[in-house]
Amino acid sequence: MAIGIKDKVAIIGMGCTRFGEFWDKSESDLIVDAFKEAIEDAGIETKDIDAAWFGSCFDEVNVGKGGIPLARTLKLPNIPVTRVENFCTTGTEALRGACYAVASGASDIALAIGAEKLKDTGYGGLPSLANATGSENIFYYPNLSAPGMFGMIACAYFQKYGLSPEAGKRVLARISQKSHKNGALNPRAHLRKEVSIEQIMNAPIIAWPLGLFDCCGVSDGAAAAIVVPAEKAKDFRPDPVYVKALQLSLTPATGIGHQSWDGVHLEETRIAGIKAYKEAGIENPREEISLMEVHDCFSISELITYESLHISPIGKARIDVEDGFFDLDGKIPCQSDGGLKCFGHPIGASGIRMAYEIYKQLQGRAEPKERQLKSNLNLGLTHNHGGICGSLVCSVAIFGNERK
Amino acid sequence: MIGITSYGAYIPRYRLSRKTIFEAIGWFNPATVGVAKGERAVANYDEDSITMAVAAATDCLDGFERDRVDGLYLSSLTLPYAERQNAAICSSALAFRSDIRTADFSTSSKAGTTALLAACDTVKAGELNNFMVCAADSRLGKPGSNLEHIFGDGAAALLVGRDQVIAELKGFYSLTEDFPDLIRGYGERFPRSWEERWIRDEGYQKLIPALITGLLTKYNLAPADLAKIAIACPDNRVLPGIFKKMGLSVEQMQDTLIDSVGDTGSALPLLMFVAALESANPGDKILIVSYGTGGDALLFEITDQIKKFGGRLGTSGHVNLKKSLDSYAKYLVFRNLIPVDVGIRGEDKPMVRLSMMHREGQTLSSLRGSKCKQCGTPQFPKQRVCINPECGAIDKMEDYYFYNKAGRINSYTADNLTFTWDPPGIYGLIDFEGGGRLYMDFTDCDLETVKVGVPVKVSFRRKHVDESRGVIAYYWKAVPIHKTST
């Protein structure tokens with residue numbers, strides 16, 4: 001009977017570049033920057049790594065396929081290098097590979113690195129999804145974009161819970177405002193300006209009802225993690241961060257083909273959450289989770305994730321939002337580093353960037369130190385989702401600073 | 001008895017007021033004020049002669065088993081493909097059997113009536129029983145021309161057979177005259193017109209009377225014997241003179257639709273025929289006269305069956321289902337008449353894999369899905385593993401079509417980021433009566449008229465066009481059902 005990954009793997013070093021619009025940096029530059037910080041943090045050298053997982057999503061736009069780009073950039077010496085992609089969970093997927101490798105005894109020290117260079121598309125927004133979803137889906141999907149898909153969920157959520165578009169948008173605005181406040185404090189973040197509720201409400205519509213400030217932008221960046229078996233962690237540092245749960249959940253596309261999906265919750269997240277809490281031994285996530293990084297590609301994504309992750313009651317997340325439950329000084333700070341919204345969303349890197357924030361906060365080493373959360377931090381959660389709404393891939397990962 | 005057993009029509013939703021055209025471009029050719037009356041139908045950016053023909057045939061075939069259709073003749077001056085049979089694309093969209101006869105009829109505005117006569121002959125020959133005739137056109141007049149005003153977009157469909165005939169073919173008379181009033185070579189976008197006065201004097205005023213006289217003489221009939229005459233003459237100023245000269249009265253004249261729809265080319269005589277059928281009485285003799293390369297005159301007699309016939313939108317149902325296209329510039333962009341900046345995102349188009357498209361077949365062309373024999377769940381696209389979370393059976397499916405199912409909007413958005421020819425791109429999830437959910441683009445709607453719960457029907461459209469490779473990917477979109485003009 002599988003018992004999961006809890007306390008079998010530790011992260012002993014991490015790195016994360018600034019995220020932003022870097023006309024002067026290639027993906028290789030970003031990879032080297034993140035890697036350097038990670039191995040310095042871990043106190044190891046390149047030759048100590050015996051396996052690597054490389055997460056990159058839109059490879060057509062940046063480095064191309066396979067593990068070769070990573071091996072070539074870092075001059076990795078004839079070790080296994082696996083390229084992984086699973087839409088926006090790509091970074092967490094890379095971490096999963098590295099973690100299972102060391103947990104199984106197949107590897108002693110494994111590298112997980114996610115990188116994305118999105119700013120060579122030549123236009124704003126993500127590359128057209130029609131090129132990334134296979135030859136049949138040119139027909140079977142409508143002419144969609146990421147904001148459009150989540151716009152549909154916002155539309156359904158407002159309808160179901162009786163929110164006028166104005167009232168609904170105001171709840172969403174409160175979420176983006178919170179993330180902008182956090183991002184403004186973070187020198188690594190892409191966007192570092194606070195915005196007011198009114199600015200958010202009056203911003204141009206990207207995909208109804210979502211406006212400019214409801215949508216995360218497009219950024220370049222990379223993040224890396226070095227993992228070892230948990231029992232070896234203290235050989236490297238006194239304050240490793242332990243992996244408590246790694247879950248991935250993919251819907252069988254029920255949402256877009258079967259009338260059972262209500263369009264306002266994320267079934268993939270709901271199930272991944274339940275499995276992750278079980279794996280980590282968490283019984284009451286609302287009480288036990290210290291901080292979260294959830295996939296706020298759009299403000300509505302964050303709102304429904306609070307519910308689908310069993311933190312807020314179904315249909316009632318807006319009460320927590322308005323109470324400041326998820327603010328930096330709230331009960332469960334969410335997106336303390338600015339989130340996808342402000343830190344940025346270089347797709348392959350995001351899952352690992354989230355782990356980076358959890359890692360630094362759990363160690364008490366947030367940069368700059370003004371960003372360090374003061375409460376007693378014990379367990380941090382990261383969440384990603386990607387793909388097509390109603391047919392998503394979702395990851396939930398939980399980390400802790402104590403091995404039980 | 002051989003004749004019409006059902007009829008249908010389709011006129012696109014948009015109407016461009018001719019005054020709007022004149023205000024935009026009339027400065028270039030002030031004489032066009034003479035034709036700047038009324039309004040013309042304009043196909044949406046995602047429509048063409050194939051999609052309109054399918055829509056008209058769908059109207060015609062309401063309730064008729066698709067499997068019983070033995071052939072399709074498609075007539076159009078504006079066929080999208082020069083090689084790749086357009087009638088076959090229609091036939092696939094209509095989920096007809098594959099062992100049928102199909103053909104494209106083109107190059108003359110009489111092609112619609114010629115196709116109709118050919119279908120009648122085919123059925124008369126004895127072996128084939130139900131034959132579909134569609135005529136559709138979307139011609140382009142050069143900006144600044146009279147033709148741009150006069151042309152309109154539309155389609156008609158007639159089912160020819162021997163069971164429950166509502167209008168029996170009683171006679172015909174054809175003239176073939178290489179009269180070069182409107183000519184267009186392969187590869188040219190716009191037809192060229194010779195002098196209008198010559199067309200009037202040597203064309204309409206000679207050929208049309210000759211066609212009418214030819215038929216009446218052949219069957220020993222008098223003008224007064226005809227209840228209605230539908231003459232597809234696009235010049236409203238000429239027709240009254242012809243009627244007077246032939247001893248016909250105004251009551252016998254079928255509305256040419258030029259003022260409300262426009263000259264729909266090879267579809268015009270058939271659209272007028274459908275309109276005549278909508279208000280015909282048993283015993284009426286109706287004469288249909290097409291014009292172009294000479295023309296065809298067809299004599300029909302209405303039977304008692306017409307009293308039992310109904311339930312089609314037809315011509316009159318569509319004439320009044322309209323929305324004003326307020327902008328001449330939109331018309332220019334929809335018809336690709338001006339270069340526009342689609343941006344790098346707009347250029348970033350995937351390639352349509354034709355072998356995949358063929359393999360998917362009716363799943364793409366007529367929304368063929370599956371119904372699980374184990375749990376009864378309808379699902380789309382056609383698939384082998386049941387999507388019902390309580391079932392999951394493998395290879396227990398039968399075919400289930402969605403082209404004729406009613407749906408409602410489950411959720412939607414209006415997307416300003418995605419590239420579309422008519423922003424915003426509106427799309428969402430449609431829940432179908434009886435089960436099944438599809439993720440679809442919407443068309444013929446605006447954000448204001450789209451709400452959760454609004455009923456929709458599905459419509460065959462140009463979903464994705466790859467100009468550089470000459471591929472038009474046809475697929476279905478959802479259209480909110482408009483009861484009235486908006």
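**A nine-stranded sheet in chain B**

In this predicted model, chain B holds an open sheet of 9 strands, laid out in the order 5-4-6-7-1-8-13-12-11 with mixed pairing. The two ends of that order go to strand 5 (101-105) and strand 11 (228-231) of chain B; each has just a single partner strand, so one side of each is left without a neighbour in the sheet.

As background, strands in a sheet are held as pairs by backbone hydrogen bonds, and the pairing can be parallel or antiparallel. Take strand 1 (residues 3-10) and strand 7 (residues 154-161) of chain B: this pair is antiparallel and runs over 7 bridges. Within it, B:Tyr10 sits opposite B:Ala155 of strand 7.

Helices lie across the sheet strands too. Helix 3 (residues 86-93) of chain B lies across strand 4 (71-75), strand 5 and strand 6 (131-137) of chain B, and its direction makes about 125° with strand 4. Helix 6 (residues 196-218) of chain B, for its part, lies across strand 8 (167-176), strand 11, strand 12 (285-289) and strand 13 (294-302) of chain B, at about 130° to strand 8.

Over in chain A, a quick look at one helix residue: A:Glu322 belongs to helix 12 (residues 317-323) of chain A. A:Glu322 has 11 C-beta neighbours inside 10 Å, and since the cut-off for exposed is 12 or fewer, A:Glu322 counts as exposed.

Conventions
Residues numbered from 1 in each chain as written. Chains lettered and ligands numbered in written order. Predicted model: local features only at pLDDT ≥ 70, side-chain atom pairs only at ≥ 80, totals over all residues. Pairing = 2+ DSSP bridges. Helix = DSSP H or I, 4+ residues; strand = E, 2+ residues; numbered from the N terminus. Contact = placed C-beta atoms within 7 Å. Axes fitted to C-alpha atoms, helices over the stretch in contact; angles between N-to-C directions. Buried ≥ 20, exposed ≤ 12 C-beta atoms within 10 Å, placed from the backbone.
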